[in-house]
Amino acid sequence: MRYFLRLAYDGMPFHGWQRQPNAESVQQTVEDALSLILRSEIPIVGAGRTDTGVNARMMYAHFDVDEEIPDYGRLLSSLNRIVGPAISIQEIVRVHDDAHARFDATERTYKYFVTYEKTPFLKNTSWHSPSRLDIGLMNEAAAMLLTTRDFTSFAKLHSDSKTNICDLRHARWDSYQNEYGVPGIVFTIVADRFLRNMVRAVVGTLVDVGRGKMTPEDMGRVIAARDRCAAGTSMPPQALFLWDIKYPYL
């Protein structure tokens with residue numbers, strides 16, 4: 001029987017989502033907790049693989065068991081006691097046996113948060129820009145991303161992706177004020193899939209536009225180059241959130 005877990009996590013204590021031989025990961029932490037409680041080795045498959053330090057407001061993962069789980073609430077409570085404060089298991093959902101957390105996801109949303117005032121309360125969830133960025137120019141450049149499906153220029157070199165084609169559906173900067181009253185901007189990007197390190201590379205390129213180091217027209221040349229060296233630097237991970245994932249049956 002197959003189940004989906006919906007969870008959230010602070011990426012700071014972990015070396016990304018994916019299990020690694022010599023580093024703590026979100027996947028390993030959840031797998032170990034499930035295996036302990038259910039008294040059987042329980043591997044999980046996530047909807048994606050966030051990098052070291054990247055956060056998730058929403059992540060899904062699936063796992064299989066031989067018998068139906070009788071008490072979801074009890075399992076949720078036990079998991080949350082074991083996984084520690086940086087992970088929250090929020091829901092368990094019974095799905096059909098062929099459901100797949102990664103391949104069945106139809107849309108993923110990421111957000112990147114930038115603040116204009118230095119504050120210790122947001123250092124693990126945002127990037128502090130010491131100067132104002134030109135949001136109008138950045139949105140002109142972001143709109144150009146919607147004209148392509150080939151994101152090779154923003155893909156991590158030597159990754160295991162079989163294709164760099166993505167169906168990008170939304171890319172925009174907006175002003176916002178967080179709960180501490182600190183002004184800033186947030187970048188929202190939506191696609192069917194993302195390449196490894198893609199969002200942070202896109203944001204780094206757009207920040208260069210906002211600083212005046214590049215023009216919106218330069219974004220077109222970056223895209224056409226299909227060369228990671230043509231794009232901007234990869235931004236710090238702590239400001240990036242996997243924000244939402246959609247499935248046709250949830």
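## Fold, first helix and aromatic contacts

The protein chain has five helices and nine strands. The model is a predicted one. From the N terminus on, the elements follow the order β-α-β-β-α-β-β-β-α-β-β-α-α-β.

**Overall dimensions.** A compact globule of 250 residues would have a radius of gyration near 18 Å; the protein chain has 19 Å, so the two agree. Along the principal axes, the C-alpha atoms fill a box of roughly 60 × 40 × 35 Å. Of the 250 residues, 52% count as buried. Contacts reach across the sequence: among those between residues at least 6 apart, 72% join residues at least 24 apart.

**Helix 1.** This helix covers residues 26-38, 13 residues in all. Its first and last C-alpha atoms are 18 Å apart, close to the 18 Å expected at 1.5 Å a residue. Serine 25 caps the N-terminal end. A side-chain oxygen of serine 25 lies 3.1 Å from the backbone nitrogen of glutamine 28. Just after the helix, arginine 39 takes a positive phi of about 60°.

The buried residues of helix 1 are Val26, Gln27, Thr29, Val30, Glu31, Ala33, Leu34 and Ser35. Their cover includes strand 1 (2-9), strand 3 (55-64), helix 2 (72-83) and strand 4 (87-95).

**Aromatic pairs.** The whole structure holds 16 aromatic pairs. Two of them are set out here.

| Pair | Centre distance | Plane angle | Geometry |
|---|---|---|---|
| Phenylalanine 4 and tyrosine 247 | 5.3 Å | 70° | edge-to-face |
| Tyrosine 110 and phenylalanine 194 | 5.1 Å | 85° | edge-to-face |

Phenylalanine 4 sits in strand 1, and tyrosine 247 in the segment after strand 9 (240-246). The pair links distant parts of the chain, 243 residues apart. Both phenylalanine 4 and tyrosine 247 are buried.

Tyrosine 110 belongs to strand 5 (residues 107-115), while phenylalanine 194 lies in the loop between strand 8 (183-191) and helix 4 (198-210), so this pair ties together parts that are 84 residues apart in sequence. Tyrosine 110 and phenylalanine 194 are both buried.

Phe4 and Tyr247 also belong to an aromatic cluster, together with Tyr60 and Tyr249.

**A charge over a ring.** Arginine 94 lies over the face of tyrosine 3. The distance to the ring centre is 5.7 Å.

Notes:
Residues are numbered from 1 along each chain as its sequence is written. This is a predicted model: local features need pLDDT of at least 70, side-chain atom pairs count only at pLDDT 80 or more; totals for chains, interfaces and linings use all residues. Side-chain values use heavy atoms; hydrogens and water are left out. Helices (H or I, at least four residues) and strands (E, at least two) are DSSP runs, numbered from the N terminus. The expected span of a helix is 1.5 Å times one less than its number of residues. Buried means under 20% relative accessible area, exposed over 50%, partly exposed in between (1.4 Å probe, protein chains only). Contact means heavy atoms within 4.5 Å. A polar contact is a pair of N or O atoms within 3.5 Å; within protein, one must be able to donate a hydrogen and the other to accept it, and residues adjacent in sequence count only if both atoms are side-chain atoms. Rings of Phe, Tyr and Trp (its six-membered ring) pair if their centres lie within 6.5 Å; planes under 30 degrees apart count as stacked, over 60 as edge-to-face and the rest as tilted. A charge sits over a ring if NZ of Lys or CZ of Arg is within 6 Å of the ring centre and within 35 degrees of the ring normal. The radius of gyration is taken over C-alpha atoms; the globule rule is 2.2 Å times the number of residues to the power 0.38.
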